Amino acid sequence: MATLTNAPALRRKARRERLRTLGFLSPWLVGFTVFFGYPLIATVYFSFMHYNQIEAPTFVGLRNWRYVLEQMPLFGPALWNTLWLVVVMVALRVVFGLGIGLLVTRIKSGVGFFRTAFYLPYLPPPVAATVAFVFLLNPGTGPVNDILGNIGIHAPNWFNDPAWAKPSLVLLSLWGIGDLMVIFMAALLDVPKEQYEAAELDGAGAFHKFRYVTWPSITPIVMFAVVTGVVQTMQYYTQALVAGKLASGVSIGPGSVIQPGYPDHSTLTVPQLVYSLGFQNFNTGAACVLSLVLFAIAMAVTTLLMRKRAGLLSAED
């Protein structure tokens, strides 16, 4: 009888707890719905529509998908450039950032100066940093080619050469490596010193201490850097567009239409193609298809990396 008498009170208590939990979750639920759920559903919807952002959308079935996957000539180069940047840029940024972090943490004097020197290039906005970098690598007036020429090295044309345009973008990303340097420095300084002392007592050298002490401690941070780097590089847009336009010498003014990818579509990425289709050619359906393809690839790569047996984390992590 006591249980039956308390049943309504227990139900009211459980309801209050659910409402309280929902209240705490509501900011995330609203943000997820507004900034991810609804845009994703709308993108899927418009991928099956002919929509020029002026007239009402009309259903066209798989026509947009066939156009993008079978008939669009720039889809292949844009996808190849994006995947190339994901593999090369992310790998080199992680290796370079970890190397700089190891170097700075082992410096005995002037640590503050070197931290500041390596972090400063990361602070300028992407457009300003790209403008400065393109100026430095300008084959005609840039100081980098002058210095290389004075020491007898034949300098490339950098952003004006299709073979060097993407490597130049990678150099630009390595120039602003300060964000990863700070993350890896924090992880390296968090490794217990007692483990290094124990390894030294066992006669371990520098390589073995890194292999068996440092690396197991920082692998979660390395995984974080790789996954976030893949997601960011899949959305690579500003630096490639600005670098291509500056290198081409085309003036950008009000009302001008920018055709990305200079030189010879070597810097064209999928996000640039999405913007060109959706906001310059008003082909919203094809732009949505490209966005979904990019989203699917990013999800597949991230899932592959996050699998413990295929990623960097061990089973214990």
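In this predicted model, the axes of helices α10 and α13 come within 10 Å of each other and cross at roughly 170°. Because a crossing angle over 145 degrees counts as roughly antiparallel, α10 is roughly antiparallel to α13. Helix α13 also contributes to a nonpolar surface patch, together with α1.

**Packing of α10 and α13**

- From α10, the residues in contact with α13 are Met223, Val226, Val227, Val230, Val231 and Met234.
- Their counterparts in α13 are Leu294, Ile297, Ala298, Val301, Thr302, Leu305 and Met306.

**Lys209 in α10**

- Helix α10 spans residues 206–234 and includes Lys209.
- Lys209 has a relative accessible area of 18%, and because buried means under 20%, this residue is classed as buried.
- Leaving aside residues up to four places away in sequence, Lys209 touches Tyr196, Ala199, Glu200, Ala204 and Thr214.

- Two elements, α1 (2–46) and α13 (284–306), each give two or more residues to the patch.
- Helix α1 supplies the largest share, seven residues.

Notes:
Residues numbered from 1 in each chain as written. Predicted model: local features only at pLDDT ≥ 70, side-chain atom pairs only at ≥ 80, totals over all residues. Heavy atoms only, no water. Helix = DSSP H or I, 4+ residues; strand = E, 2+ residues; numbered from the N terminus. Buried < 20%, exposed > 50% of the residue type's maximum accessible area, 1.4 Å probe, protein only. Contact = heavy atoms within 4.5 Å. Axes fitted to C-alpha atoms, helices over the stretch in contact; angles between N-to-C directions. Parallel < 35°, antiparallel > 145°, perpendicular 65-115°, else oblique.
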